[in-house]
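Please open the model in your viewer and keep the sequence at hand.

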Amino acid sequence: MIEGLIGGFGDVIQPWNFLLLFLGTGLGLMVGALPGLSSPMAIVILLPLTYTMEPLPALLTMIGVYVGTKLGGSFSAILLRTPGTPAGACTALDGHPMAERGEAGLALGYATLGSTFGGIFGWIIAITFIPLLASIALKSGNADIALIGILGLLMVSSFVRGSMLKGLIGVLLGLLISTVGLDPVDATSRFTFNIVDLMSGIPFAAALTGFFGIAVVLSDLKLIGQQSAQITSKVNLALPKMKDVLKRWRPAVIGSLFGTGIGAVPGVGAEGATWISYAAVKRQSKNPEDFGKGEPDGIIAPESTNNATTGGTMVPMLTLGIPGDGSTAIMLGALVLHGVEPGVMLFQTNSDLVYGILAGLLVATIFMFLIAWRAIRMFIFVLQQDRSWLFPFVLLLATIGAFATVNSVYAVYIAIFFGVVGYLLESRGFPVVTIVLGIILGPIIEANLRLALVISHNDWTTFIDTWPRQLIVALMVLFLSWEIYSGTKDARKGRRSKIGISD
């Protein structure tokens, strides 16, 4: 592992890779600071620009954006009380009160240090567990891979915001989209409706551009003309004194533990983890009444959690091919577009790429700290602008990116269609990330499932003939049973309360 990491760092410090990682991190900080924009949107817009790159430079650019947006969301949360990212909402509880009493720079300093500590902690966890889990995953057969993929989709459906039913509907819709085109075994056309362009399937990048690019712009049209009023424009990031940092080690460690642990659960990501860690730190504090009034621990905990999830989400992504959130889902898609098959074989077939990604994760965290420390005034200037001027550029890049996938206007129509569909589904509580995961994992599950049946001569018991497979199937049954039980229980409560009100 040590040799692999040394090689990974050697690849990252190559001038071109180093520059892309730096620029990606700076862009991520800027995107995260702007309410209404998001890491998945920025990554999917960059996707067409990486088509001509090798896989590692392309992934390093995306990792820079991914890491940068985590801290960037705290800038607007502290100065505007309007988080740039959903995970930044927790930081606003104590960050904004500190800014109101004239300590905006110190609040930004605590957020930056907390994010940096969490990012490094998450990186340590990632490099520790990824090689271990990858070695175990290498022993998996086709049936195991298919079951792991199905379990991943069920887990995503269970843990995304909203009900599991909506998550499952999204997953099934994604799986349906992934089947459009020619059957990979016997070349039978499926759901093409005699349209020649559909014979090759739905262009993956065009679908991503629609779901994470055009849909976001449509949902943010209401922001046109709005400008943010912040506490002050004269802010310098002020790093707290070392003794103040050391005495606040507990919220940083607790937040990082929650971030890496929960980040490794597909579909949860940083949004849920920050609130859980905030509540845990507040519960253990000697002065819980200070939380919500400008308590530094209330900034450090969610920010360390926020960036620790970057390491946590890499664990299932690089070992099992199951993304932890929307951003890593797009990175998996980028691997596919560059001819790299994600999943349990990734570490064996492309170990240099995996170690390069892990090395880039640490370097991006360092870049994040340095850029935030020295360029905070630039981000404050951006916060003062009307961000709706970005929408035309986003739509333009999304259109170009969709067209470039197959050099046809047909892909643009696909992107627009899925943009409208994604907007309508998100507005009704259906998480589009589940659709994207279904599109990504669908072909992998289908190929391995059918190959497992061919090897076993169509014997379906092959999926339960070893104890790991039996365990995976048991977990699937557990997830579904628990959701049915919870849904039934909630429905009964709803009926009883309704009867009580009518009486």
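Which residues in α3 meet which residues in α14? Ser39, Pro40, Ile43 and Val44 are the residues on the α3 side, and they meet Gly326, Ser327, Ile330 and Met331 in α14; contact means heavy atoms within 4.5 Å. This is a predicted model, in which local features need pLDDT of at least 70, side-chain atom pairs count only at pLDDT 80 or more, and totals for chains, interfaces and linings use all residues. Residues are numbered from 1 along each chain as its sequence is written, and side-chain values use heavy atoms, with hydrogens and water left out.

Keep this pair selected. By class, the contact of α3 with α14 has five nonpolar, three polar and no charged residues (Ala, Val, Leu, Ile, Met, Phe, Trp, Tyr, Cys and Pro count as nonpolar, Asp, Glu, Lys and Arg as charged, and the others, Gly among them, as polar).

Next, select helix α4 (residues 55-80) together with helix α3 (residues 39-46). Their axes come within 9 Å and cross at roughly 160° (axes are lines fitted to C-alpha atoms, for helices over the stretch in contact, and angles run from 0 to 180 degrees between N-to-C directions). α3 and α4 are therefore roughly antiparallel to each other (angles over 145 degrees count as roughly antiparallel). On α3, display Ser39, Ala42, Ile43 and Leu46; on α4, display Thr61, Met62, Val65, Tyr66 and Thr69, for these residues make the contact. The residues of this contact of α3 with α4 comprise six nonpolar, three polar and no charged.

How values were computed. Helices (H or I, at least four residues) and strands (E, at least two) are DSSP runs, numbered from the N terminus. Angles under 35 degrees count as roughly parallel, over 145 as roughly antiparallel, 65 to 115 as roughly perpendicular and the rest as oblique.
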